[in-house]
Amino acid sequence: MSLKYESQLREPLVYGNKTYHQVTEDIIRPIEAKPSKLWYIGFYIAVALLLFGVYSIYRDVTYGIGQWNLNKTIGWGWDITNFVWWVGIGHAGTLISAILLLFRQGWRTGVNRAAEAMTIFAVMCAGQFPIWHMGRVWMAFFVMPYPNSRGPLWVNFNSPLLWDVFAISTYFTVSLLFWYSGLIPDLATVRDRAKTKLRKHLYGISSFGWTGSTKHWQRHESLSLVLAGLSTPLVLSVHTIVSFDFATSVIPGWHTTIFPPYFVAGAVFSGFAMVQSLMVIVRKVFGMEDYITMGHIEAMNKVIVLTGSIVGIAYLTELFMGWYSQSKYEGYTFWYSRANLFSPYGWSYWGMMACNVISPQIFWSRKMRRNLFVTFFMSVLVNVGMWFERFVIIVTSLYRDYLPSSWSVYYSPSVWEIGFYLGSFGLFFTCFFLFAKYMPVIAVAEIKYVLKISGESYKDDMANIEVKEAGEFAHEYAH
Amino acid sequence: MSKKKFVVGCFDTEDTLFPAVKKVRTAGYKIQDVYTPFAVHGLDGALGMRETSLHTAGFIYGITGTTTAISCISWIFTKDWPLDIGGKPHFALPAWIPIMFELTVLFAAVGMVLTFCYICQIAPFVKKHHFHPRATDDLFVMVIECTDKTNTQEAEAFLQSAGAIETKTEIAEEGWWIGRYDRDEVPFGEKIAVA
């Protein structure tokens with residue numbers, strides 16, 4: 001046996017001396033059992049929200065997006081705010097599954113499957129907003145470049161809005177492939193345990209006839225690694241391109257070069273917060289405390305405090321540049337429209353500051369990082385803050401532009417605008433509830449692999465060897 | 001597509017599996033495959049498999065994507081419909097980098113996954129013979145392909161001595177067929193009378 005020295009302080013990734021079979025049992029049992037009352041309540045609420053969203057969209061399509069309280073000045077309001085917010089949330093899943101895989105962070109295995117699922121559902125929600133924002137949604141296919149009878153009149157490849165089309169659709173496709181290819185072996189595990197005919201049939205279809213052959217595993221590993229390598233720059237590019245939607249314009253407060261890194265950090269920040277919210281619930285509801293441990297929660301809180309601080313620095317840099325550039329318009333936007341609490345939208349700026357920059361600093365304390373209640377509360381707060389951030393960027397830059405005659409202050413959303421947003425929550429949670437019920441929320445095969453090198457039983461075995469004196473080793477090898 | 005005879009040995013840990021693989025190969029048996037519940041690192045090497053070239057395929061798909069993007073966009077913007085955007089150059093390469101990058105990733109990912117499914121012969125509705133249902137749970141299932149010379153009892157005894165906790169001899173279809181997992185249909189219409 002080879003010796004692997006590891007700090008005694010590093011906690012095991014899986015608690016409670018599990019065997020491989022126990023891992024299978026623990027993770028797959030919730031799929032085989034009848035859903036709990038709590039699940040039904042949550043699911044019905046989600047479906048109700050979804051239906052309300054569908055009705056809101058029905059009205060938007062029938063009567064036009066005049067249903068929303070947008071006006072000529074504030075042409076991007078809740079809708080694009082929600083789009084950017086959801087895309088940002090999606091980023092954590094790819095970060096956990098791809099970037100942490102490349103960095104060989106073992107703890108990702110506990111949360112990666114659910115986080116990837118979250119990514120897919122969040123991107124689905126995000127995609128709704130620009131699509132329905134088009135108004136005449138039946139012409140949405142005009143954004144695709146294809147030879148057409150209008151010239152052919154092509155799309156503008158120099159426009160960041162078109163880059164977005166490519167970025168978001170690629171991101172969705174690649175995330176879906178990454179997630180599903182990882183899921184195939186686990187679905188095969190569910191299939192082989194299935195008792196009823198229907199389950200055998202359905203999981204048989206969805207597991208693609210996976211056998212677990214060594215050659216297949218070898219290719220699967222290669223595939224995961226390359227997809228991770230591809231997803232890493234992809235995830236950075238997606239939010240970079242989203243930030244280009246703003247940064248390439250000439251609106252004060254938007255055309256700043258800091259946007260790409262600032263948006264990416266913000267995306268990771270809000271995404272991790274969403275993963276925290278979901279994981280705290282999932283581990284409780286499905287009894288996954290041995291797999292999603294306090295170590296996982298703490299590691300994610302560390303990412304939150306790091307990215308929150310990066311975002312904070314970005315805010316301060318913007319304020320500094322608003323003054324240092326000596327541009328009247330920049331100065332007005334940053335120091336009057338935003339940082340002045342008593343300006344019409346000052347509340348949103350300070351709400352953002354409080355939620356995103358000030359409150360996450362609580363996570364410098366280890367005790368707070370490992371407190372479930374604080375974690376959950378903070379995760380919700382961060383997402384509220386990140387929603388404010390996008391609202392601040394979009395609305396406070398638009399409502400007072402270069403032409404005072406077109407200034408508009410009293411922008412408040414209509415019920416259908418809010419309904420659309422609630423509907424996206426409905427879509428997200430409906431998908432997530434179905435996923436949590438019918439698919440393994442934790443990557444079973446990957447946990448089995450981690451169990452061997454970082455499970456509690458392995459750590460216990462290693463501890464005996466590690467505490468031995470060096471002299472004792474020499475003595476043993478002498479024979 | 002043909003039926004073959006196999007000797008199956010099940011192991012419960014990798015610690016016994018690895019030496020067993022070595023012994024079985026040294027003894028001159030032909031290991032058809034080892035079915036494992038998760039990716040056992042180093043097992044492919046122990047079985048004498050070569051490295052997969054899937055990543056090379058990924059690279060080729062990737063550059064196909066890049067080429068597709070640059071050639072399509074430059075043809076559209078310089079030849080087919082040169083749009084005058086504020087008098088800026090028609091061949092605006094820096095502005096095309098985002099789309100070139102996205103298509104590179106898209107082509108590489110989609111191409112690799114399809115290739116993966118093709119070379120592993122996995123797809124919805126595809127069914128294969130599974131030597132042990134616990135191969136996706138907690139057993140490492142080594143399958144030895146029998147030749148004319150193989151004595152199955154001897155092989156089973158050999159596997160047991162190498163640490164297998166369960167052994168059996170099976171005649172099974174090696175390839176895949178279209179089938180359902182809730183039914184025990186026989187591939188390719190060869191019906192076997194059930195008593």
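**Entry 1: a sheet in chain B**

I began with strand 1 (residues 3-11) of chain B, which pairs with strand 5 of chain B in the antiparallel sense over eight bridges. I picked one bridge to look up: B:Val7 has B:Thr169, in strand 5 of chain B, as its partner.

Before going further, I remind myself that this is a predicted model. I looked up its scores and found an ipTM of 0.92 and a pTM of 0.91. For chain B, the average pLDDT is 87, and 94% of the residues score at least 70.

In what order do the four strands of the open sheet in chain B lie? I read the order as 2-4-1-5, with antiparallel pairing. At the edges I found strand 2 and strand 5 (166-173) of chain B, each of which pairs on one side only. From one strand to the next, the twist averages 30°.

**Entry 2: where the chains touch**

I then turned to the contact between the chains. Here 54 residues of chain B are in contact with 54 residues of chain A. Which elements of chain B each supply at least two residues to the side that touches chain A? I noted strand 2 (30-35), helix 2 (43-46), helix 3 (54-80), helix 4 (93-120) and strand 3 (126-128) of chain B. Helix 4 of chain B gives the most to that side, with 16 residues. I also sorted the side of chain B that touches chain A by class: 39 residues are nonpolar, six polar and nine charged.

**Entry 3: two helices of chain A**

My last stop was a helix pair. Two packed helices are described by the angle between their axes and the distance between the axes. I looked up helix 3 (residues 78-102) and helix 13 (residues 372-398) of chain A: their axes come within 9 Å and cross at roughly 135°. That angle makes helix 3 of chain A oblique to helix 13 of chain A. The crossing of helix 3 of chain A with helix 13 of chain A is right-handed.

Which residues meet there? From helix 3 of chain A I listed A:Ile80, A:Thr81, A:Val84, A:Trp85 and A:Gly88. They meet A:Met386, A:Trp387, A:Arg390, A:Phe391 and A:Ile394 in helix 13 of chain A. By class, this contact has seven nonpolar, two polar and one charged residues.

Note on methods: Residues are numbered from 1 along each chain as its sequence is written. Chains are lettered from A and ligands numbered from 1 in the order in which they are written. This is a predicted model: local features need pLDDT of at least 70, side-chain atom pairs count only at pLDDT 80 or more; totals for chains, interfaces and linings use all residues. pLDDT is the predictor's confidence in each residue, from 0 to 100. Two residues are in contact if their C-beta atoms, placed from the backbone, lie within 7 Å. Ala, Val, Leu, Ile, Met, Phe, Trp, Tyr, Cys and Pro count as nonpolar, Asp, Glu, Lys and Arg as charged, and the others, Gly among them, as polar. Axes are lines fitted to C-alpha atoms, for helices over the stretch in contact, and angles run from 0 to 180 degrees between N-to-C directions. Angles under 35 degrees count as roughly parallel, over 145 as roughly antiparallel, 65 to 115 as roughly perpendicular and the rest as oblique. A crossing is left-handed if the near helix is turned anticlockwise from the far one by less than a right angle, and right-handed if clockwise. Two strands pair if DSSP finds at least two bridges between them.
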